[in-house]
Amino acid sequence: AEWPLGTRPEGELRVDGARMLRRLAEISRIGARPGHGITRLGLTPEETEARAYLAGECHRDGLVARTDQAGNLVVRRARRRDKPALLLGSHIDTVADGGRLDGTYGVMAACEVLRVLAEHDVELDVEPVVVAFTNEEGAFFPYPFFGSLGLVGQVDTDHAKRMSAHGVALPDALRAAGGDLDTIAEAAWAPGSVAGYLELHIEQGPVLEEASLPIGVVQAITGRTVLDITVCGGQDHAGTTPMRMRRDALAVASRAVLAVERLARSRDLCRVATVGKLDVEPNTTNVIPGLVRLTAELRDGRAERLRTAEQAITTELAQLASATDTTIDVRLDPVTQPVATDHALSRAIADAADELGLRHLGMDSGAGHDAQIVAAIAPIGMIFVPSRNGISHAPQEETDDLHLVAGADTLLRTVLGAGRP
Ligand code: HGY
Ligand code: MN
Ligand code: MN
Ligand code: MN
C-alpha cells in the first residue's frame with residue numbers, strides 16, 4: 001500500500017489502513033438509517049450490537065475483549081505484560097441522527113493499533129489497553145460520560161438508579177448492555193494502574209481544515225455546565241383567552257432561549273451557550289402552552305467563567321419569572337470541568353507526527369471527551385484529525401480516508417514513543 005500522507009519511516013510499524021476503514025464501514029451500519037445518519041444511543045440495543053461486533057473482530061484478531069460493569073468494552077493483548085496500562089479509547093455511542101466518526105473512529109483506530117502491537121508482540125514499558133466507552137453522549141439516558149465515569153469510579157449510583165428514559169430504567173439497560181450497577185465499583189481502575197490515556201478523535205470543528213493541517217494536538221478540553229430549566233405558566237384556551245390574561249410558558253421560554261444565547265453572543269460570559277432541547281406541553285395548536293422544559297448548555301475553557309455565566313443566567317431567569325407571573329425552576333446537572341492535557345503526552349504526539357512528516361497544530365477542544373473524565377486518574381493526551389466542513393453531530397460528519405489513516409498511524413507512533421522502554 002502507498003504511504004498515505006507525509007513520509008514513511010523505514011522499517012517502522014504502521015497500521016493497516018484498509019482493515020481499519022473496512023471495520024469502520026461495517027460498524028457504521030449499526031443504527032444507520034438512510035438520510036438520517038446514525039442513531040446508536042448509549043445503553044440501547046444498537047450500542048450493544050456495536051460492542052458485540054467490535055468484541056467479535058477483536059477475538060478474531062486474537063485479542064481478549066470483555067465488557068466491564070460500567071458497560072465499557074476493555075480489550076487487551078492475549079500475551080499481556082503486568083505493567084501499568086496505557087489506555088487508548090473513545091466511545092461507540094452517537095447522538096440521535098449523528099455521524100459515523102464521532103467516538104467510533106477513535107475506537108476503531110485504537111483496536112487497529114492494539115492489533116499491530118499484538119501481532120509484533122511489541123515490548124513497551126506500559127501495557128496498551130483499548131477501552132470503548134459506553135454512553136459518552138448521554139443522548140438517551142442523560143448521563144453523559146457514563147462509561148468513563150465508571151472507569152474512574154465516579155458514577156453516582158443513587159442518581160443512576162433513579163434514572164429512566166422512555167420507560168426504560170438505567171439499571172436494566174446497563175444489565176442488557178453487559179454491565180451491572182450494583183457492582184459498578186469493580187469497573188474502576190486504581191490510580192496507579194493507569195500510566196496514561198490517549199484519545200484519537202475527529203476535530204468536529206473547522207480549525208484543522210482551514211489551516212490545511214492533518215493533525216491537531218489538543219492542549220485543553222472545554223468545560224460544560226448544563227441547566228435543566230422548567231417554565232411553568234398557565235395552560236388555557238388559545239381562542240378565548242385575551243392576550244393580557246395569558247401566562248404562556250412557551251412565550252416566556254422563548255425569552256429564556258434568547259437570554260441563554262446572549263450569555264455568549266453579546267455578553268461574552270462564556271465561549272458558547274446553547275438551548276438544544278425544548279419540550280412543550282401540551283404541544284397542541286389551539287392550547288396556550290402551560291409547561292416548557294428546556295436545557296441550557298454553557299461551555300468554556302475556564303471554570304470560573306462557567307460559574308459566572310451560570311449565575312448570570314440563573315439571576316436573569318428569576319427576574320423573567322417574576323416579570324411574567326410564571327415560575328421558572330432551574331436545576332444544575334453535574335458540571336464537567338475543563339482540563340488540560342499532559343505536556344509529555346502532547347510532546348509524544350507532536351514528535352510522532354513529526355516523525356511521520358505530518359504537520360500539526362496545538363489547539364483546544366470545544367467538544368467534550370472521555371479524556372477529560374479519565375484525567376481524574378491519569379495524564380491524558382488527545383489527537384485530532386480534520387472534519388470536512390467542520391461538521392459533526394450531524395449525518396454530514398466526514399473526514400478524508402487519508403486523514404483517518406494518518407491519525408491512526410500517529411496514535412501508533414505515539415504509543416511506541418511514549419511507551420518505549
Ligand atoms: O457534546 C460533546 O461535546 C460530546 O461530543 N459529547
Ligand atoms: Mn459527540
Ligand atoms: Mn465524541
Ligand atoms: Mn513539531
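**Exercise 1. Determine whether His201 is buried or exposed, and where it lies.**

Solution. His201 has 29 other C-beta atoms within 10 Å and is therefore buried; the criterion is 20 or more other C-beta atoms within 10 Å of the residue's own for buried, 12 or fewer for exposed, and partly exposed in between, with C-beta atoms placed from the backbone. Next, His201 is located in strand 7 (residues 194-202); helices (H or I, at least four residues) and strands (E, at least two) are DSSP runs, numbered from the N terminus. Finally, with residues up to four places away in sequence excluded, its contacts are Ser90, Gly106, His369, Met382 and Phe384, where a contact requires C-beta atoms, placed from the backbone, within 7 Å.

The model is predicted: local features need pLDDT of at least 70 and side-chain atom pairs count only at pLDDT 80 or more, while totals for chains, interfaces and linings use all residues. Residues are numbered from 1 along each chain as its sequence is written, and chains are lettered from A and ligands numbered from 1 in the order in which they are written.

**Exercise 2. State which residues the UniProt annotation "binding site" covers, and characterise His91.**

Solution. The annotation, from an unreviewed UniProt entry, covers His91, Asp102 and His201; positions follow the numbering used here, feature names are shortened, and annotations may be inferred rather than shown by experiment. These residues are spread over 111 residues of sequence, yet they cluster in space, with a largest C-alpha distance of 9.8 Å. His91 belongs to strand 3 (residues 85-91). It counts as buried because it has 29 C-beta neighbours inside 10 Å. Beyond four places in sequence, the contacts of His91 include Gly103, Ala132, Phe133, Glu136, Gly147 and Asp370.

**Exercise 3. Identify the residues that surround ligand 1 and classify them.**

Solution. The surrounding residues are Glu136, Glu137, Pro144, Ala367 and Gly368, each counted as near if its C-beta atom, placed from the backbone, lies within 6 Å of the molecule. By class, this shell has 2 nonpolar, 1 polar and 2 charged residues; Ala, Val, Leu, Ile, Met, Phe, Trp, Tyr, Cys and Pro count as nonpolar, Asp, Glu, Lys and Arg as charged, and the others, Gly among them, as polar.

Technical notes: Two residues are in contact if their C-beta atoms, placed from the backbone, lie within 7 Å.
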